[in-house]
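Please look at the chain below and follow its elements from one end to the other. The report then takes the parts one by one.

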Amino acid sequence: MAWQKILLNPKTAGAVSKFFSKKSDTIKSVSPGKNLTTKRDIQDKVVKAVDEGTRKGLGGIPPSQRLKQSASKTKRDSSKSMKDFSYKYDEIVAKRKAADKKAIKQAVGGASAAIAGTVGGHVAAKKKFPKYKKFMESDIKTVDGKLTIVPKKKK
């Protein structure tokens with residue numbers, strides 16, 4: 001009877017109807033797990049290795065229920081540890097790539113700074129030393145077997 005009072009009360013009826021009329025969010029897409037093929041490959045290899053080892057060890061005798069359970073636990077534990085190694089390796093490789101990328105960026109930045117410094121020094125030298133400017137803006141040619149400085153042709 002208490003819920004009827006709440007629904008009939010004009011102050012609370014709106015809030016109650018709003019609460020119950022809300023639709024839950026719909027799931028539009030589900031992203032697949034990471035490294036599913038790697039996980040599956042590791043799982044398959046471990047299962048195959050344990051089955052093969054069990055078969056060779058028994059030499060044709062059918063395995064007992066306890067041995068099957070032990071093999072199943074071994075498969076589960078081994079595949080988990082192998083997957084952990086795989087993930088750690090992938091993480092290390094990703095960090096190494098990031099570090100290499102950073103080093104390359106730093107090297108390129110340093111080289112561009114060196115070039116900018118050289119060009120700046122060249123411009124400053126041309127302003128300060130007129131002979132340097134004359135030499136840098138000329139070509140060296142051979143005339144009658146002798147080297148001579150000739151002004152560059154303007155384009």
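## Helix 3 against helix 4

The buried residues of helix 3 pack against helix 4. They are Ile42, Val46 and Val50. Buried means under 20% relative accessible area, exposed means over 50%, and partly exposed lies in between, with a 1.4 Å probe and protein chains only. Contact means heavy atoms within 4.5 Å.

This is a predicted model: local features need pLDDT of at least 70, side-chain atom pairs count only at pLDDT 80 or more, and totals for chains, interfaces and linings use all residues. Residues are numbered from 1 along each chain as its sequence is written, and side-chain values use heavy atoms, with hydrogens and water left out.

The expected span is 1.5 Å times one less than the number of residues in the helix. Just after helix 3, glycine 59 takes a positive phi of about 65°.

## Helix 4

Helix 4 passes the length check too. At 1.5 Å a residue, its 64 residues should span 94 Å, and its end C-alpha atoms are 94 Å apart, which agrees.

Which residues of helix 4 are buried? They are Ala71, Lys75, Ser79, Lys83, Ser86 and Ala125. Helix 3 and helix 5 (130–136) are among what covers them.

Now take lysine 80, which sits in helix 4. Is lysine 80 buried or exposed? Lysine 80 counts as exposed because its relative accessibility is 52%. Lysine 80 and isoleucine 42 lie 38 residues apart in sequence. In space they are 9.0 Å apart, C-alpha to C-alpha.

## The largest pocket

The largest pocket has a volume of about 160 Å³. Helix 3 (36–58) and helix 4 (65–128) are the elements that give two or more residues to its lining. Helix 4 gives the most, with five residues.

The search uses a 1 Å grid over the protein atoms alone. A pocket is an open set of points with protein on both sides within 12 Å along at least five of seven lines, while a cavity is a set where a 1.4 Å probe fits but cannot get out. Lining residues have an atom within 4 Å of a point. Grid points are joined across faces, edges and corners, and a volume is the space filled by probe spheres set on the points.

The lining includes Asp51, Arg55, Leu58, Pro63, Lys68 and Lys75. By type, the lining divides into five nonpolar, three polar and four charged residues. Ala, Val, Leu, Ile, Met, Phe, Trp, Tyr, Cys and Pro count as nonpolar; Asp, Glu, Lys and Arg as charged; the others, Gly among them, as polar.

## The hairpin

Strand 1 (residues 138–143) and strand 2 (residues 146–151) run antiparallel, joined by six bridges. Two strands pair if DSSP finds at least two bridges between them. Isoleucine 140 stands opposite isoleucine 149 in strand 2. Lysine 141 stands opposite threonine 148 in strand 2. In a regular strand the side chains alternate between the two faces of the sheet.

Two residues lie between the strands of this hairpin, and aspartate 144 takes a positive phi near 55° there. How many of the six residues of strand 2 are buried? The count is zero, and strand 2 is hardly covered.

## The whole chain

The chain has five helices and two strands. From the N terminus on, the order is α-α-α-α-α-β-β. Helices (H or I, at least four residues) and strands (E, at least two) are DSSP runs, numbered from the N terminus.

Of the 155 residues, 7% count as buried. Among contacts with a separation of 6 or more, 37% join residues 24 or more positions apart.
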